Amino acid sequence: MTTSPDSLTRSKITVRTIREMKGQHVRIVSVTAYDYPTARLADEAGVDLILVGDSLGMVVLGYESTIPVTLSEMAHHLKAVLRAQPRALVVADLPFLSFQTSPEDAVRNSGRLMKRGAEAVKLEGGKRMLPQIEAILAADIPVLGHLGLTPQSVHQFGGYRVQGRDRAGADALRSDAIALERAGCFAVVLEGVPLEVGREITAALKIPTIGIGAGMHCDGQVLVLHDLIGLSFGKAARFVRRYAEAGDTIRNAISAFREDVRAGRYPSEEESYAAAPERPETKPCGS
Ligand code: KIV
């Protein structure tokens with residue numbers, strides 16, 4: 001039986017659905033979400049995969065990078081997302097130093113996120129992280145790989161720099177991607193790599209690639225929701241397309257509220273409660 005794109009997206013989306021989408025030539029759509037309303041809206045918009053990314057540290061907690069994000073912060077935001085009961089697959093990020101330290105830490109911390117309701121975990125790194133990835137998979141926890149400009153390595157890279165620009169770098173990334181596929185990852189995020197590298201790795205893998213700044217040849221695309229809706233600050237990366245200016249909308253709404261309050265235009269009588277109407281007198285029985 002062949003599966004149509006519609007039937008792929010109508011029922012609960014699982015890691016299996018995501019894997020099958022590559023063969024069905026249906027592009028995977030993913031955004032980040034960090035709380036109940038954004039998870040609800042993303043799910044209602046029909047995304048396939050909601051990523052509770054550690055980017056939450058930068059876009060909702062105001063950190064300079066993703067490095068300070070803790071497992072408790074991830075778990076807190078994950079629980080809020082899950083209260084929206086998304087149909088989309090919910091993947092939670094393993095934050096910095098929750099998995100690099102040992103395979104045991106990687107399994108224990110992935111387990112903490114799974115026990116709270118995550119349906120898979122994502123972790124950054126290639127072959128060097130294979131012992132961790134294999135241990136997590138051995139505990140039957142699905143893993144989404146993440147290669148390229150992996151933000152937890154920002155200091156090692158010397159900044160947010162596109163990776164794999166030369167032949168050696170591109171080959172290393174392809175070889176990492178193949179190793180992640182062989183280990184059993186259900187998909188791989190490719191971040192900040194030239195579109196040719198995105199194309200090459202996508203062609204080399206049976207599992208889907210989900211790109212962010214990795215060109216149009218990937219099997220799917222993911223964006224940080226706050227970038228997509230214009231609710232992030234500072235200069236946007238080249239690959240970000242802003243589909244809304246939510247920052248302007250929110251600022252204008254709050255500013256209009258401020259003006260109405262100052263001018264005594266808010267609240268109106270209709271927006272105010274009246275005192276309870278006086279009780280009609282009850283006549284004594286028989287009178
Ligand atoms: O943390 C995150 O949001 C991510 C995506 C940008 C892929 O890892």
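Begin the tour by selecting Lys79, which lies in helix H5, a helix that covers residues 71-82; helices here are DSSP runs of H or I with at least four residues, strands are runs of E with at least two, and both are numbered from the N terminus. The model on the screen is predicted, so local features need pLDDT of at least 70 and side-chain atom pairs count only at pLDDT 80 or more, while totals for chains, interfaces and linings use all residues. Residues are numbered from 1 along each chain as its sequence is written, and side-chain values use heavy atoms, with hydrogens and water left out.

Stay with Lys79, which counts as partly exposed at 34% relative accessibility; buried means under 20% relative accessible area, exposed means over 50%, and partly exposed lies in between, with a 1.4 Å probe and protein chains only. A patch is made of residues with over 30% relative accessible area and no salt bridge, where like charges are joined within 9 Å and nonpolar side chains (Val, Leu, Ile, Met, Phe, Trp, Tyr) within 5 Å. A salt bridge is a side-chain nitrogen of Lys or Arg within 4 Å of a carboxyl oxygen of Asp or Glu.

Next, select Gln85 in the loop between H5 and strand E3 (89-93). Its phi is near 45°, a positive value in a residue other than glycine, and Gln85 is exposed at 69% relative accessibility.

A further stop is Asp140, found in the loop between helix H7 (130-138) and strand E5 (143-148). Phi of Asp140 is also positive, near 65°, in a residue other than glycine, and the relative accessible area of Asp140 is 69%, which makes this residue exposed.

Leaving aside residues up to four places away in sequence, His226 touches Tyr34, Val59, Val60, Leu231 and Ser232, where contact means heavy atoms within 4.5 Å.

Finish with Val261 in helix H12 (residues 246-262), a residue that is partly exposed with a relative accessible area of 40%. Together with Phe257 and Tyr266, Val261 forms a nonpolar patch on the surface, with about 280 Å² of accessible area, as given by the Shrake-Rupley method with a 1.4 Å probe, for which only the protein chains shown count as cover. From Tyr266, step to Pro267 in the segment after H12, where the peptide bond from Tyr266 to Pro267 is cis, with omega near -5°.
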